[in-house]
Amino acid sequence: MIPGDQEAVRDLFESVAPRYDLLNDLLSLGGHRLWKRQAVAWLNPRPGQRLLDLCCGTGDGALLLAQKVRPGGQVLGLDAAAAPLQRARQRAAQEPWLPLQFAQGDALATGLTDGWADGALMAYGLRNLVDPARGLAELRRVLRVGGRAAVLDFNRPDPEGGPSQVRAAQFQHFYLNSVVVPVASLVDLKQQYAYLETSLARFPTAQQQIELARQAGFAEVGYRPLAAGLMGFLTLVA
Ligand SMILES: C[S@@+](CC[C@H](N)C(=O)[O-])C[C@H]1O[C@@H](n2cnc3c(N)ncnc32)[C@H](O)[C@@H]1O
């Protein structure tokens, strides 16, 4: 599949949705839950806040955020694909007291007003956007001044970054090809998970993401590596 093809990316996540949560748990040995919690902890969500989970998928991040904004707050989860959203709504229905809504939409053009959100999470979304720079610009636009955003994803090793980065790239290649794809093949999702490495190959490095975030107008920009540098998240203040 071709990265940068928005419809193809949406179709991919439509087809993956029924197995997405199970595979996430299996392939990261539960680590994705910890990394999402670390990104949410940095966001420091508080009661009364209006928060956004962009590219929310099956709702992991939105559910975490919604537990923190009560009373008086609100969380909106936005995703381009219908099937993950259906699963997210089913999960939210099990905790009907949470102030949580989901909507189908485009992270590149959310339709929200300027400064709508007090804070935002984007977990494993930026890499899937046709234009990450536009995604960061839209993220900046929908945040109020001073609002925080955490953008969590795989950390793409910097090819110019020396031996440790070369080793990280080799490990990622091994893990994606020798663990992720074979496991996904067992549930007929080989093609879909082979896309992970393709998408990573065109993903900006941490340093490039920092630069893009500055260009998008964020006042403060940082990067926190996770899992020995295999994952990481951008820390952004609008
Ligand atoms: C890897 S999943 C991440 C889901 C969830 N955030 C998580 O961490 O489990 C990426 C999600 O991004 C969504 N996505 C891709 N392009 C998008 C876009 N332009 N606008 C909104 N969502 C998009 C996909 O439909 C998919 O659900």
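Visitor: Which of the 20 residues around the ligand come nearest?

Guide: Phe13, Cys55, Gly57, Ala107 and Ala123 come nearest of the 20. A residue counts as near a molecule if its C-beta atom, placed from the backbone, lies within 6 Å of it. This is a predicted model, in which local features need pLDDT of at least 70, side-chain atom pairs count only at pLDDT 80 or more, and totals for chains, interfaces and linings use all residues. Residues are numbered from 1 along each chain as its sequence is written.

Visitor: Which elements give two or more residues to the shell around the ligand?

Guide: They are helix H1 (6–27) and helix H3 (60–66). H1 gives the most, with three residues. Helices (H or I, at least four residues) and strands (E, at least two) are DSSP runs, numbered from the N terminus. By that rule the chain has eight helices and seven strands.

Visitor: How many residues of the shell around the ligand are nonpolar, polar and charged?

Guide: The shell has twelve nonpolar, four polar and four charged residues. Here Ala, Val, Leu, Ile, Met, Phe, Trp, Tyr, Cys and Pro count as nonpolar, Asp, Glu, Lys and Arg as charged, and the others, Gly among them, as polar.

Visitor: What makes strand S2 mostly covered?

Guide: Five of the six residues in S2 (residues 74–79) are buried. A residue is buried if 20 or more other C-beta atoms lie within 10 Å of its own, exposed if 12 or fewer, and partly exposed in between, with C-beta atoms placed from the backbone. In the chain, buried residues make up 39% of the 238 residues.

Visitor: How do you know that strand S1 and S2 pair?

Guide: Two strands pair if DSSP finds at least two bridges between them. S1 (residues 50–54) and S2 have five bridges, in the parallel sense, so they pair. Leu52 stands opposite Leu76 in S2. S2 also pairs in the parallel sense with strand S3 (residues 100–104), over five bridges, and there Leu76 stands opposite Gln101.

Visitor: What is the hand of the unit made by S2, helix H4 and S3?

Guide: S2, H4 (residues 82–93) and S3 make a right-handed β-α-β unit. A crossover is right-handed if, with the strands pointing away from the viewer, the path from the first strand over the helix to the second runs clockwise.

Visitor: Why does the radius of gyration of the chain agree with a compact globule?

Guide: The globule rule, 2.2 Å times the number of residues to the power 0.38, is set against a radius taken over C-alpha atoms. For 238 residues a compact globule would have a value near 18 Å, and the chain has 17 Å, so the two agree.
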